[in-house]
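Below is a short briefing on one protein model. The sequence and structure come first, followed by notes grouped by topic.

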Amino acid sequence: MRAKTIAVAGSLALALMGSVAGCSPVGCGGAAVEPPSVYLDAGPWLEANPGATAQACLGDGECRTLAPGAQQVSATGGIGAQPSYSLRVTGELTGSTILTVAEDVDIPVTTTQAACGPSSSQTRKMSLDPSGQLVTP
């Protein structure tokens, strides 16, 4: 009975270790897939324009209202479908548009080695400076 208990405990430990590493004893579930994205921090511009709001759209993806801190703005389509996307940012204050920025942004595909094999992503970090310019840190 003791040998059977140790074997069950060992199998459970192996299964848990596989889960922590991102794989299961049966195999990998696949890499997490995110659409092409820009992580945009509008904080510097919002702080320079108290009471203003900002919104960003990437390609044909949904637009997103921005807050200070990095916000994910995503396009539709798969990773690597296209190398650049149009990023459009608008800012409003008391119902009037006070900022419009549109820029084609190159978003590189990066591949890293993960626990279950290579994983690719297409992301870029940017910020909106106090004057309303898009900058890459």
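The model is predicted: local features need pLDDT of at least 70, side-chain atom pairs count only at pLDDT 80 or more, and totals for chains, interfaces and linings use all residues. Residues are numbered from 1 along each chain as its sequence is written, and side-chain values use heavy atoms, with hydrogens and water left out.

**Fold**
- The protein has two helices and nine strands, where helices (H or I, at least four residues) and strands (E, at least two) are DSSP runs numbered from the N terminus.
- Along the sequence, the pattern reads α-β-α-β-β-β-β-β-β-β-β.
- Taking contacts (heavy atoms within 4.5 Å) between residues at least 6 apart in sequence, 54% join residues at least 24 apart.

**Surface**
- The accessible surface of the protein is about 8300 Å², computed by the Shrake-Rupley method with a 1.4 Å probe; for residues, only the protein chains shown count as cover.
- Carbon and sulfur atoms account for 57% of this surface.

**Disulfide**
- One disulfide (a pair of cysteine sulfur atoms within 2.5 Å) turns up in a search of the whole structure.
- C57 and C63 form the disulfide, with an S to S distance of 1.8 Å.
- The link of C57 and C63 is right-handed, at 105 degrees about the S-S bond.
- C57 is buried, at 15% relative accessibility, whereas C63 is partly exposed, at 39% relative accessible area.

Conventions: Buried < 20%, exposed > 50% of the residue type's maximum accessible area, 1.4 Å probe, protein only.
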